[in-house]
Amino acid sequence: MNAAVVVNNLTKKFGDFTAVDSISLKVETGEIFGFLGANGAGKTTAIRMLCGLLLPTSGDGIVAGHDIIKENEKIKSSIGYMSQKFSLYPDLTGKENLVFYGSLYGLFGDRLKVRIESVSELLSLGEFIDRPAGSLPVGWRQRLALGAAILHEPKILFLDEPTGGVDPVFRRRFWETLYKLADKGTTLFVTTHYMDEAEFCRRISIMHRGRIIELGTPGDIIKKYNQPNLQETFISLILASDNNG
Amino acid sequence: MGKIVTIAVKEVRHILRDRRSLFIALMMPVLMTLLYGYAVNLDINNIKLAVLDYDNSSESRELINRFYHSGYFIQSQSRPELSDPEKVLKLTDAIAVMIIRPGFSKAVIDRSEFQVGMLIDGADANMSSAASSYSAVIFNQFLISQMPPETVIPGVTLSLQVLYNPDLKSSHFFVPGLVAVILMMISALLTSITIAREKETGTMEQLLTSPVTPRQIIMGKVIPYIGLAILDGVFVYVFAVWHFGVPMIGSAVLLLIIGVIYIIASLSLGVLISTLVNTQQLAMMAALTATMLPSVMLSGFIFEIKNMPAVLQVITHAIPARYFIQVIRGIMLKGAGLEVLWPQAVALMIITLILLGLAAKKFKIKIG
């Protein structure tokens, strides 16, 4: 079985509130999977469960070959996570940040050095790597954050709105990098609000009020609802779902 | 272990790069010591004394001299036209008025009965009780000096002696307590802020997605602050000994060992606070409230625990500063060792273990 992520009826309740309501999905190895949904749909909660940060209330799943309930600590070594918040230390330089995160994943010495060089080449970090991370322009920070997340060559990379607040050129370059990673066999699990980005994904799921209401390739979904593009499809789906209840 | 070191190294970088916070962390204890050392001064001296001397003899002048040279009394505003002692108290800045009627010197020589009047303003209770006890002592010393050397004083005399702080200097009493208050405050404040900062900026989430356990994160982040707190403790200690002349009779090593336990308790409290709040600002306010007030009011730092209402006395048992203040005073002023201070040391260890356990447990659940 070479699926990177498999979840069945995954549910998370916070008290009376059901943040994630019995979702099931499967992501193949090397796939770029778009995880869409309106704000508050439960995407971040779902990702946290997949990353082993949060235990589900019910349901089960396997990520990178590990059980998300029993082996959530093992999952952490096999995945990379880039959150929507800027998650590097602003007072440390880019390199210090990379060294720090690399060491947490057990990289050290020559191996760490080689990985930092390779990541910095892939992301064209150049001389930005020696500046305090807090002083970098937003686009460069995001690249650096991606660098920190892929240093240990994770099998699966979770990206939670990785391109928020970044200009279109940076976003395009960022996605080029993601494609390179996918080509090398990394599975990418991406949340985004940009529908043009969603169309870069091989398959997408659309989540609303904790449930997955649609799942398939962007083309199939657009065709199914007879809309001009993904943006209109997304909006009409969410509105229709709201009206139904 | 390697990961703890990695996190600790990163934390040291944060501490060293943030020069302003480092400066505050190192200077605040010294400034606080200075402020508290001088402001919280319960020594009563410079009591303003007026004298109405109607005897005007060498004996009366000798008595007056003894008062003014005691270090406790100074001359009040001079208003020679006033002859009513009550008016002197009301109209001048005098706190006490001594009235020596004619016949004083004769009575001293004859050993006959005589009363010297002493009128004390009772508005400030501390000041007036100090004034009355000081004047009694000075008066007795005067009487003894006036007796011929061969006189045998019949009966029992009271020999009053003050132990441990013979100068009765309140700075000797307060400054060691200050070490306890400052260590508690600084340690809890700095750790709660540094952890809250990672939660606020989102780096904590990033850390937790990597293969490190919450325990490793806490350890790595807290260890550098043990060093910083010890440095602060040494600063305040040196300041106490050099500047305020607080004696150090006991073992510095024992003080350091128990001090480290106390610091760990304080740091754990900081970690515990940081699990309950999500912003640095809240962390700061919570840490100050949780440490400052109890450590100052309920630890015996200023107010005697045995004079507190029973309910408060029970509460003081949960305040780590209570035990450390007893330890540091015991070691510095009395030279006490572990044979005396073991109950305090054990109590501190128990509190430390409870706080550490709670912090570790809470930290795990909260990030879920």
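Me: What should I know about the numbering and the kind of model before reading on?
Reply: Residues are numbered from 1 along each chain as its sequence is written, while chains are lettered from A and ligands numbered from 1 in the order in which they are written. This is a predicted model, in which local features need pLDDT of at least 70, side-chain atom pairs count only at pLDDT 80 or more, and totals for chains, interfaces and linings use all residues, with side-chain values using heavy atoms and leaving out hydrogens and water.

Me: How much area is buried between chain B and chain A?
Reply: Contact (heavy atoms within 4.5 Å) takes in 23 residues from chain B and 23 residues from chain A. Within chain B, E205(B), Q206(B) and T209(B) lose the most area to chain A, together 27% of what that side buries. Buried area is the accessible area (1.4 Å probe) that two parts lose on being put together, summed over both. Carbon and sulfur atoms give 59% of the total, which is about 2,200 Å².

Me: Which helix of chain B gives the most residues to the side that touches chain A?
Reply: Between the chains there are 12 residue pairs in polar contact, both residues at pLDDT 80 or more, where a polar contact is a pair of N or O atoms within 3.5 Å and, within protein, one must be able to donate a hydrogen and the other to accept it, residues adjacent in sequence counting only if both atoms are side-chain atoms. Helix 1 (2-17), helix 7 (170-201) and helix 8 (203-209) of chain B each supply at least two residues to this side, helices being DSSP runs of H or I of at least four residues and strands DSSP runs of E of at least two, numbered from the N terminus. With seven residues, the one that gives the most is helix 1.

Me: Is T209(B) buried or exposed?
Reply: T209(B) lies in helix 8 of chain B and touches L53(A), K76(A), Y81(A) and Y105(A), not counting residues up to four places away in sequence. The side chain of T209(B) also reaches the backbone oxygen of Q206(B) at 2.7 Å. Buried means under 20% relative accessible area, exposed over 50%, and partly exposed in between (1.4 Å probe, protein chains only). At a relative accessible area of 0%, T209(B) is buried.

Me: What is the order of the open sheet of four strands in chain A?
Reply: Two strands pair if DSSP finds at least two bridges between them; strand 1 (residues 3-14) and strand 2 (residues 17-28) of chain A run antiparallel and are joined by eight bridges, and strand 1 pairs with strand 4 (residues 58-63) of chain A, also in the antiparallel sense, over five bridges. The edge strands, each pairing on one side only, are strand 2 and strand 5 (66-67) of chain A. With antiparallel pairing, the order is 2-1-4-5.

Me: How many of the five residues of strand 8 of chain A are buried?
Reply: Strand 8 pairs in the parallel sense with strand 3 (residues 32-37) of chain A over four bridges and with strand 7 (residues 156-160) of chain A over five bridges. In a regular strand the side chains alternate between the two faces of the sheet. Here T187(A), F189(A) and T191(A) on one side and L188(A) and V190(A) on the other are all buried. Strand 8 (residues 187-191) is therefore largely enclosed by the rest of the structure, the number buried being five of the five.

Me: How many residues apart in sequence are the parts that R202(A) and E31(A) tie together?
Reply: A salt bridge is a side-chain nitrogen of Lys or Arg within 4 Å of a carboxyl oxygen of Asp or Glu, and the side chains of R202(A) and E31(A) meet in one at 3.0 Å, N to O. R202(A) lies in the loop between helix 7 (195-198) and strand 9 (203-208) of chain A and E31(A) in the loop between strand 2 and strand 3 of chain A, so the pair ties together parts whose separation in sequence is 171 residues.

Me: What is the count of salt bridges between chain B and chain A?
Reply: The structure holds 24 salt bridges over all chains. One that crosses between the chains joins E96(A) to R13(B), with the closest N and O atoms 3.4 Å apart. Between chain B and chain A, the count is three.
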